[in-house]
Amino acid sequence: MTLECINPQDLPKPDTYSQVVVAKGTRLIFIAGQEPEDLNGKLVGEGDFTAQTRQVFANLGRAIAAAGARPNDVAKIMIYVVGYRLDDHYPIIDAARVALFGDHKPANVVLGVASLSPGYLIEVDAVAVVDA
């Protein structure tokens, strides 16, 4: 499987994601929104966006592995943040993303939302592509 990450010359070149990802593989993996929960389904870091973000990306990594994929197989992530504020939230998200993906930069969307599950501040889902 290969992912070709493209940043067209006539679009801004983002530091933390790719504008376009072309996935060449035979198996698509859709990962449900990962919430800031521990193994028992309990909220981690109530009111603490940093703790919840770390937990969400750790859970995403476990979900990717459970599907037989690696972080570098992820083509796209969607990030949902309650009351999203770029300057406050994005550096925290970026640190957690780099911890999971390293230099790999999947396409991404960050959406500000009014609410998630009570007390939950962030959720992330993903699409990965691997060879069968």
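**Core, helix packing and selected residues in a predicted model**

Arg97 is placed in helix α2. Helices (H or I, at least four residues) and strands (E, at least two) are DSSP runs, numbered from the N terminus. The model is predicted, so local features need pLDDT of at least 70 and side-chain atom pairs count only at pLDDT 80 or more, while totals for chains, interfaces and linings use all residues. Residues are numbered from 1 along each chain as its sequence is written, and side-chain values use heavy atoms, with hydrogens and water left out.

Arg97 has a relative accessibility of 2% and therefore counts as buried. Buried means under 20% relative accessible area, exposed over 50%, and partly exposed in between (1.4 Å probe, protein chains only). Contact means heavy atoms within 4.5 Å. Neighbours within four places in sequence aside, Arg97 is in contact with Thr16, Phe57, Ile77, Ile79, Tyr90, Gly102 and Asn108.

Phe57 also belongs to the largest nonpolar core. A nonpolar core is a set of buried Ala, Val, Leu, Ile, Met, Phe, Trp, Tyr and Cys residues joined through side-chain atoms within 4.5 Å. This core has 21 residues, of which Phe57, Leu60, Ile77, Ile79, Ile122 and Val124 touch the most other members. At least two of its residues come from each of β3 (27-34), α1 (49-66), β4 (74-82), α2 (86-101) and β6 (122-130). In soluble globular proteins, nonpolar side chains tend to be buried together. Residues up to four places away in sequence not counted, Phe57 touches Ile77, Ile79, Ile93, Ala96, Arg97, Leu100, Phe101 and Val124.

The packing of two helices was examined next. Two packed helices are described by the angle between their axes and the distance between the axes. Axes are lines fitted to C-alpha atoms, for helices over the stretch in contact, and angles run from 0 to 180 degrees between N-to-C directions. For α1 and α2, the angle is about 30° and the axes lie 9 Å apart. α1 is therefore roughly parallel to α2. Angles under 35 degrees count as roughly parallel, over 145 as roughly antiparallel, 65 to 115 as roughly perpendicular and the rest as oblique.

On the α1 side, Phe49, Thr50, Thr53, Phe57, Leu60, Gly61 and Ile64 take part in the contact. They meet His89, Ile92, Ile93, Ala96, Arg97, Leu100 and Phe101 of α2. By class, this contact of α1 with α2 holds nine nonpolar, four polar and one charged residues. Ala, Val, Leu, Ile, Met, Phe, Trp, Tyr, Cys and Pro count as nonpolar, Asp, Glu, Lys and Arg as charged, and the others, Gly among them, as polar.

Two strand residues follow. Ala75 is found in β4. Its relative accessibility is 11%, so Ala75 counts as buried. Ala75 and Ala23 are 52 residues apart in sequence, yet 6.7 Å apart in space, C-alpha to C-alpha. Ala75 touches Leu3, Val21, Pro106, Ala107, Val127 and Ala128, residues up to four places away in sequence not counted. Leu111 lies in strand β5 (residues 107-113). Leu111 is partly exposed, at a relative accessible area of 33%. Its C-alpha atom is separated by 4.9 Å from that of Tyr80, 31 residues apart along the chain. Leu111 is in contact with Met78, Ile79, Tyr80 and Val81, neighbours within four places in sequence aside.

Two loop glycines complete the survey. Gly45 lies in the loop between β3 and α1. Gly45 is partly exposed, with a relative accessible area of 23%. Neighbours within four places in sequence aside, Gly45 is in contact with Ala51 and Gln52. Gly119 sits in the loop between β5 and β6. At 37% relative accessibility, Gly119 counts as partly exposed. With neighbours within four places in sequence left aside, Gly119 is in contact with Leu43 and Gln52.
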